[in-house]
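I opened my notebook today to follow a few loops and helices. Here is what I looked up, step by step.

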Amino acid sequence: MFGSNQRLIALLLVALASCKTSGDIKTGKDPRVSDDPSGVRTLDAPPTPGETSTHSETPPAAQKSAEVLERELEVSQGELENLRHQLERERQEWQLRQTEIEAEKKKLEEALVSRPAQAAPVVSSSEGDKNTVEALWRQGLESAQKKNDAEALVSLKSLLSNYPKSKHVWGATLTAGMLEYRMKNYKVAAIYFNQAIDLSAKRSVGPSLSWYFQGLSFYKMNKKEDASLFFGELDRRFTKTSVNAKARKILAGKAKAPNDLFADIPNWLDFVGP
């Protein structure tokens, strides 16, 4: 009897040891979690496959991309606004230069009108208008080649004033400007070259010379900013011409502006014809 009681007590103790206490049930304590003396709770076993973390340490990739794109957009908008201001400033500067050029042109034209007129060479009226124009043109070219600049100018100016519809008007205008340039009358030369630019719109031979010569006239007047405008237009319109290459060297300081345009363009006669 006594032996059977001892066995019964032993079985009850084993059963109690295998059950959760009521305290464990109330607190919901996970039997896998142990308390460390430092106060940090550790997990004795890995979580079950169904358990996942409820927090993410890094933002989603899509959110990062949106933030980066927004910053890049702000930078691009700033650069675009700066470019707009720069273009507007350049446009205003260009308009100011054009206004100054027009004012200078008006002064030059007034100066040309105020110059005393020289007597034109006598040409027989029996030769007719056509022969008269050809005689004036030939005399002007021959005198220019001999460096009789004053005589050449008389012939060419007579042609221009009396026969404004002649086929030699463009050539006479350009040559007159070249003569004034060689005589160092750069302001008057600039007037002729400006007229030559207007007349050269439909020409296929020699139009680049008027832009080149006009730039040189302003360059000789120490108006290098104005000269660069005409050289720039020369570069835009006639990029591959020899005179454009000359202008580039002058602007770059690699060459000097010529004193004699006839010597600078030895084959000038090829470009002044009708």
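**Entry 1: a loop residue.** I started with K147, which sits in the loop between α4 and α5. This is a predicted model, so I am reading computed values throughout. I looked up the backbone and found that phi of K147 is near 65 degrees, a positive value in a residue other than glycine. Is K147 buried or exposed? K147 is exposed, with a relative accessible area of 57%.

**Entry 2: another loop.** Next I went to N222, in the loop between α8 and α9. N222 is not a glycine, yet its phi is positive, about 60 degrees. I checked its surface too: N222 is exposed, at 67% relative accessible area.

**Entry 3: two helices.** Then I turned to α6 (residues 169-182) and α8 (residues 207-220), whose axes come within 11 Å and cross at roughly 25 degrees. Angles under 35 degrees count as roughly parallel, so α6 is roughly parallel to α8. The crossing of α6 past α8 is left-handed. Which residues make the contact? From α6 I noted W170, L174, M178 and Y181, and from α8 P207, L209, S210, F213, L216, S217 and K220. Sorted by class, this contact has 8 nonpolar, 2 polar and 1 charged residues.

**Entry 4: the core.** I finished with the largest nonpolar core, which has 49 residues. Within this core, L174, Y212, F213 and L216 touch the most other members. Several helices each supply at least two residues of the core, including α4, α6 and α8. Leaving aside residues up to four places away in sequence, F213 touches L174, M178, F193, L261 and I265.

Conventions. Residues are numbered from 1 along each chain as its sequence is written. This is a predicted model: local features need pLDDT of at least 70, side-chain atom pairs count only at pLDDT 80 or more; totals for chains, interfaces and linings use all residues. Side-chain values use heavy atoms; hydrogens and water are left out. Axes are lines fitted to C-alpha atoms, for helices over the stretch in contact, and angles run from 0 to 180 degrees between N-to-C directions. Helices (H or I, at least four residues) and strands (E, at least two) are DSSP runs, numbered from the N terminus. Angles under 35 degrees count as roughly parallel, over 145 as roughly antiparallel, 65 to 115 as roughly perpendicular and the rest as oblique. A crossing is left-handed if the near helix is turned anticlockwise from the far one by less than a right angle, and right-handed if clockwise. Contact means heavy atoms within 4.5 Å. Ala, Val, Leu, Ile, Met, Phe, Trp, Tyr, Cys and Pro count as nonpolar, Asp, Glu, Lys and Arg as charged, and the others, Gly among them, as polar. A nonpolar core is a set of buried Ala, Val, Leu, Ile, Met, Phe, Trp, Tyr and Cys residues joined through side-chain atoms within 4.5 Å. Buried means under 20% relative accessible area, exposed over 50%, partly exposed in between (1.4 Å probe, protein chains only).
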